[in-house]
Amino acid sequence: MKANANQIRQALAAPRLRFYLLHGPDDSGAAALATILAQAMGDRAERVDLDIATLKSDPARLADEAASLSLFGDARHIRVTGMGEESVAAVTALLAAEAAGNPVVAIAPSVKASAKLVKLAIESPLAMAFACYPPSAQDAERLAVTMAGEQGLRLASGVAARLVAGTGGDRAVMGREIDKLALFLDAAPDRPHELDHGALDAIGADLDEAEATRAVEALVEGRPDRLAEELARLGEAGISPIPWLRQIVRRLVALAEMRAEVARGEPADTVMKRHRVFFRDEDATGRALRRWTPAMLATAIARLRAAERGVMAPGNAGPVLADEAVLTLTRALARRG
C-alpha cells in the first residue's frame, strides 16, 4: 500500500502490517516516523537493528527475525537503516513467510519512488510504503507548531519560523530543540505554556555569526590547518558546537542553491547578484562554486546535520564528534585540490 503522511503515522502508531518502507531523501523525517513504531511497541519491547551487509549476505535473516520470539517474551520489532535495492530478496522472503509477528520498519534514503523495493511494498497487502521528502518552509513551520503542541507549547508569532531556520528544517534536531524548550518552561500537555522569543533567545539562541565565520570559511575553502585553529579557539571559549555547525550548514545550503543554478547554465556572477552576495565575498563565493559539486554539497550537509543530531543525543562525545565531522570533510576537500 502507498501511504500518505496521516496514514503512515496512524499505521506505525498501531502496527498491524509486516513491513513499513520509509524511502526518500528525508532520512531525519523517516527516523522520526520509525520512532512512532518504537513507542507503539512499548518501553519493554526489544528492538533488533539489522544492517544492509547482513541482509545482502543472508536474505532470509529478515524473515527469521520477524518470526522470532523475544528472549523474555516481550514485544519485538526490527529496524533496518540505509536499505537499498539490494534488499529486495530479503523483503520478498519476509512478505512470503508463513508467519512474521514482529513488525519491520526500514529507512531507505537512497531509494527512489520507481524502485523495485517500493513497488514490492506498494503491491503487498502486508506492507506499506511512504515517500519521505524534506518539508517546504511552510510545511516545516506547521510541523514545528504540531511538534511543539505535543509538548504543551504554544508558539508566539514568528517563533515557528525561527525554529525552522535555526534547525535547518531537520525534524530530529527540531524535536530535540522543542524538548529542551519544554523542559526549560516546564511545559507539558497538561501544563501548556507559551514559547515566546525571549525563551528562544535564552535557550535556543544561535551564536553570533562573527564568532564562527573564520571556521565556516576554512571548511568551505578546504583548509584543515586553519579550521583546526578555529575549532581550538571556539573550544577554549567554551562555545557549544551546535551554533557553528548550524552556521556551516546554512552556508553550504546557500552554496547548494547557487550551485544548482550555475549547473543549469546561469553565469556565476548573475547567480551571486540574485542571491545578494556581498561584493567583498564574491571572489571567495565564486571559488567555492567552482570547487564544490552539487553531490559534494548534499553529502556535506547530510553529514553535518547527522553530526548535530549526534552531539545533541545523550551520552555523546560532544565537541569531539563535531570537530571530527568538520575536519574530515575539510581534509577530503583539500585532497581534491
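The following legends describe close-up views of a predicted model. Residues are numbered from 1 along each chain as its sequence is written, and side-chain values use heavy atoms, with hydrogens and water left out. In this predicted model, local features need pLDDT of at least 70 and side-chain atom pairs count only at pLDDT 80 or more, whereas totals for chains, interfaces and linings use all residues.

**View 1. The largest pocket and its lining.** The space in the largest pocket amounts to about 930 Å³. A pocket is an open set of points on a 1 Å grid over the protein atoms alone, where a 1.4 Å probe fits, with protein on both sides within 12 Å along at least five of seven lines; lining residues have an atom within 4 Å of a point. Grid points are joined across faces, edges and corners, and the volume is the space filled by probe spheres set on the points. Of the 30 lining residues, R9, A32, L143, M147 and R171 lie nearest the centre of the pocket. Two or more lining residues come from each of α1 (5-13), α2 (27-41), α7 (137-150) and α9 (171-185); helices are DSSP runs (H or I, at least four residues) and strands likewise (E, at least two), numbered from the N terminus. Helix α2 gives the largest share of the lining, nine residues. By class, the lining holds 14 nonpolar, eight polar and eight charged residues (Ala, Val, Leu, Ile, Met, Phe, Trp, Tyr, Cys and Pro count as nonpolar, Asp, Glu, Lys and Arg as charged, and the others, Gly among them, as polar).

**View 2. Helices α1 and α2 in contact.** The axes of α1 and α2 come within 7 Å and cross at roughly 30° (axes are lines fitted to C-alpha atoms, for helices over the stretch in contact, and angles run from 0 to 180 degrees between N-to-C directions). This angle makes α1 roughly parallel to α2 (under 35 degrees is roughly parallel, over 145 roughly antiparallel, 65 to 115 roughly perpendicular and the rest oblique). Residues I8, R9, L12 and A13 of α1 meet L33, I36, L37 and A40 of α2, contact meaning heavy atoms within 4.5 Å. Seven nonpolar, no polar and one charged residues form this contact.

**View 3. Helices α7 and α8.** The axes of α7 and helix α8 (residues 159-167) cross at roughly 110° and come within 9 Å. The two helices are therefore roughly perpendicular. From α7, A140, E141, A144 and V145 take part in the contact, and from α8, A160, A161 and V164. The contact has six nonpolar, no polar and one charged residues.

**View 4. Helices α13 and α17.** Helix α13 (residues 241-263) and helix α17 (residues 319-336) have axes that come within 10 Å and cross at roughly 25°. That angle makes α13 roughly parallel to α17. The contact joins P241, W244, L245 and I248 of α13 to P319, A322, D323 and V326 of α17.

**View 5. Residues D186 and R276.** In the loop between α9 and β7 (193-195) is D186, with a positive phi near 55° in a residue other than glycine. R276 lies in the loop between α14 (268-274) and α15 (282-291), and its phi is likewise positive, near 55°. Most residues other than glycine have a negative phi.
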